Amino acid sequence: MLTIAIQKSGRLHDDSIKILKEAGIYIDNGKDQLKTKSSNFPLEVLYLRNGDIPQYLRDGVVDMAIIGENLLIEKGEDIEILQKLGFSKCRVSIAVPKDKEFSDLKQLQGKKIATSYPNTVKNYLAEKGITADLHQISGSVEIAPNIGLADAIVDIVSSGSTLFKNNLKEVEQILKSEAVIAVSPKISPENNQVLNKLLFRIQSVLKARTSKYVLLNAPNKNLAKIIEILPGMKSPTVLPLAKEGWSSLHSVINEETFWEVIDELKANGAEGILICPIEKMVL
Ligand SMILES: Nc1ncnc2c1ncn2[C@@H]1O[C@H](COP(=O)(O)OP(=O)(O)OP(=O)(O)O)[C@@H](O)[C@H]1O
Ligand SMILES: O=P(O)(O)OC[C@H]1O[C@H](OP(=O)(O)OP(=O)(O)O)[C@H](O)[C@@H]1O
Ligand SMILES: [Mg+2]
């Protein structure tokens, strides 16, 4: 049986459960139980602290995990990432008090920096030839400059509202992060097969999330051009309309691309364009 680590509670928990559910895997949400089994897939789930997961992967206590990429950069650089998941997107950045003049990273030389990610900061500053005095704290990092504990901080930024509320400004982005699937170097060949099955399902869910089903009506004389614009997976489906000289065309498109080509479709006489969600996409 494959063992997966999922964050017990926090920024990754809900979306981790959701993506497994969309992949057809049913599990309890871990409110009381820290260990549970899927009722319909050979999967055991351990609900753990995000911060502990890299070590569990390294030791082979779990075969795989859904974890923030930033945490692997901090304490799991030896651990392989199999798939980015597109949620819990954030960045790890340097911030200083809003009213402080800041023009060059070198200003941090010898200064106190508070962070929960000391390795990330140390490596980044070393690359830039800077040494600073690092203070590791495990939470509420943004408070540090206001209580005289540090001159600058390095922490996670998403909307920027925590920085704003604490009179700080982001001055340098160190890295970008999102939730990922990571695998233990100690996974057995049997469990690796189950993992590949799970990964295939998750990839189908991810693909469907960014793809849309497009239906439109078009005059037959422009079909060739519209097929060129909407090539779909293999090729679009074209069905005759009851109205002479017109067809209905069905295709699949990436959501972002759609907004880029919509004017082109209209210029080629496309009408009654419908965009529908796709639940799963198996390629
Ligand atoms: N504000 C945010 N917006 C988006 N993603 C975030 C945000 N804060 C954290 N993350 C991402 O979610 C992960 C988990 O963050 P969270 O704050 O829930 O837990 P944690 O305090 O890092 O860990 P633990 O589970 O050990 O308490 C982080 O490693 C990061 O990748
Ligand atoms: O830019 P924002 O959208 O404001 O998000 C950034 C904040 O989110 C995270 O904290 P979280 O709320 O997860 O609390 P925690 O410190 O208890 O983990 C992170 O540590 C920042 O403080
Ligand atoms: Mg947090």
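Ala, Val, Leu, Ile, Met, Phe, Trp, Tyr, Cys and Pro count as nonpolar, Asp, Glu, Lys and Arg as charged, and the others, Gly among them, as polar. The views below show a predicted model.

**View 1. The shell around ligand 2.** On that division, the residues of this shell split into 2 nonpolar, 6 polar and 3 charged. Around ligand 2 lie Arg11, Gly139, Glu142, Asp155, Ile156, Val157, Ser158, Ser159, Gly160, Ser161 and Thr162. Strand E9 (152-157) and helix H5 (161-165) each supply at least two residues. E9 gives the largest share of the shell, 3 residues.

View 2. The shell here has 15 residues. Gly10, Arg11, Asn50, Gly68 and Ser158 are the closest to ligand 1. By class, the ligand 1 shell holds 4 nonpolar, 9 polar and 2 charged residues. Domain 1 (2-88 + 178-187) and domain 2 (90-176) both contribute residues, so ligand 1 lies between them.

**View 3. Domain layout and annotated regions.** The protein divides into domain 1 (2-88 + 178-187), domain 2 (90-176) and domain 3 (211-277). Between the C-alpha centres of domain 2 and domain 3 the distance is 49 Å. An unreviewed UniProt entry annotates residues 49-203 as "domain: ATP phosphoribosyltransferase catalytic". Over residues 49-203, the chain is 28% helix and 30% strand. The end C-alpha atoms of residues 49-203 are 25 Å apart. The unreviewed UniProt annotation for residues 208-280 reads "domain: Histidine biosynthesis HisG C-terminal". Residues 208-280 are 32% helix and 40% strand, with end C-alpha atoms 5 Å apart.

View 4. H8 (residues 255-267) has 13 residues. From first C-alpha to last, H8 reaches 19 Å, close to the 18 Å expected at 1.5 Å a residue. A bend of about 45° falls at Val261. Of the 13 residues of H8, the number buried is 1, so the helix lies largely in the open. Just after H8, Gly269 takes a positive phi of about 85°.

**View 5. Two serines with positive phi.** Most residues other than glycine have a negative phi. Ser88 has a positive phi of about 50° although it is not a glycine. The residue sits in the loop between strand E5 (80-84) and strand E6 (90-97). With 25 C-beta neighbours inside 10 Å, Ser88 counts as buried, the cut-off being 20 or more. Ser140 is not a glycine either, yet its phi is positive at about 45°. Its place is in the loop between strand E8 (133-136) and E9. Ser140 has 13 other C-beta atoms within 10 Å and is partly exposed.

**View 6. Tyr124 in helix H4.** Tyr124 belongs to helix H4 (residues 118-127). Its count is 19 C-beta neighbours inside 10 Å. A residue needs 20 or more to be buried, so Tyr124 counts as partly exposed. In sequence, Tyr124 and Asn220 are 96 residues apart. In space, Tyr124 and Asn220 are 58 Å apart, C-alpha to C-alpha.

Methods:
Residues are numbered from 1 along each chain as its sequence is written. Chains are lettered from A and ligands numbered from 1 in the order in which they are written. This is a predicted model: local features need pLDDT of at least 70, side-chain atom pairs count only at pLDDT 80 or more; totals for chains, interfaces and linings use all residues. UniProt positions are given in the numbering used here, feature names are shortened, and annotations may be inferred rather than shown by experiment. Helices (H or I, at least four residues) and strands (E, at least two) are DSSP runs, numbered from the N terminus. The expected span of a helix is 1.5 Å times one less than its number of residues. The bend at a residue is the angle between axes fitted to the seven residues ending there and the seven starting there. A residue is buried if 20 or more other C-beta atoms lie within 10 Å of its own, exposed if 12 or fewer, and partly exposed in between; C-beta atoms are placed from the backbone. Domain bounds come from an automatic or database domain assignment. A residue is near a molecule or strand if its C-beta atom, placed from the backbone, lies within 6 Å of it.
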